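Welcome, and please have a look at the model below. We will start with its rings, then turn to a helix and a pocket.

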Amino acid sequence: MDTSGTIRMSRKELDSLVVFERVGKGEMKLTEAAEVLLISYRQCGRRFHRYRDKGAAGLVHGLRGTTSNRVLPEETREMITELY
């Protein structure tokens, strides 16, 4: 989530939001949602419960916005640039 309160979602996450809104309204069953999203029934259930508890923010990947574990320290990057 941004500091402004907006949620940045990928196309896949946005598609699942639309499907889970339909499931929440009773227009679609979880089995149908799983087929549409091309995921297993169990995974669909886990995602739907997270959506029901946290709303749209529950569908966003949990590590979005964090730095990578593979990022090099700035000093190392500078040293590599100087050596190059």
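## Aromatic pairs

How many aromatic pairs are there by this rule? The count comes to three in this predicted model. One of them joins F20 and Y51, whose rings are stacked, with 6.0 Å centre to centre and 25° between the planes. This pair links distant parts of the chain, since F20 sits in helix α1 and Y51 in helix α3, 31 residues apart. F20 counts as buried because its relative accessibility is 0%. Y51, at a relative accessible area of 17%, is buried too, because the cut-off is under 20%.

F48 and Y51 form another pair, this one tilted: 6.2 Å centre to centre, with 40° between the planes. These two residues are three apart in helix α3, so about one helical turn separates them. F48 is buried, as is Y51. Taken together, ring pairs link F20, F48 and Y51 into a cluster.

## Helix α1

Helix α1 has 15 residues and spans 22 Å from its first C-alpha to its last, close to the expected 21 Å. Its buried residues are E13, S16, L17, V19, F20 and V23, and what covers them includes α2 and α3. Just after the helix, G26 takes a positive phi of about 85°.

## The largest pocket

The largest pocket has a volume of about 280 Å³. Of its 13 lining residues, K12, E13, S16, L37 and R47 are the closest to the centre. Helices α1 (11-25), α2 (30-37) and α3 (41-54) each give two or more residues to the lining, and α1 provides the largest share, with five residues.

By type, the lining divides into five nonpolar, three polar and five charged residues.

Methods: Residues numbered from 1 in each chain as written. Predicted model: local features only at pLDDT ≥ 70, side-chain atom pairs only at ≥ 80, totals over all residues. Heavy atoms only, no water. 1 Å grid on protein atoms, 1.4 Å probe; cavity = no way out; pocket = protein on both sides within 12 Å on 5 of 7 lines; lining within 4 Å. Points joined across faces, edges and corners; volume = space filled by probe spheres on them. Helix = DSSP H or I, 4+ residues; strand = E, 2+ residues; numbered from the N terminus. Nonpolar A, V, L, I, M, F, W, Y, C, P; charged D, E, K, R; others polar. Expected span 1.5 Å × (residues − 1). Buried < 20%, exposed > 50% of the residue type's maximum accessible area, 1.4 Å probe, protein only. Contact = heavy atoms within 4.5 Å. Phe/Tyr/Trp six-rings, centres within 6.5 Å; stacked < 30°, edge-to-face > 60°.
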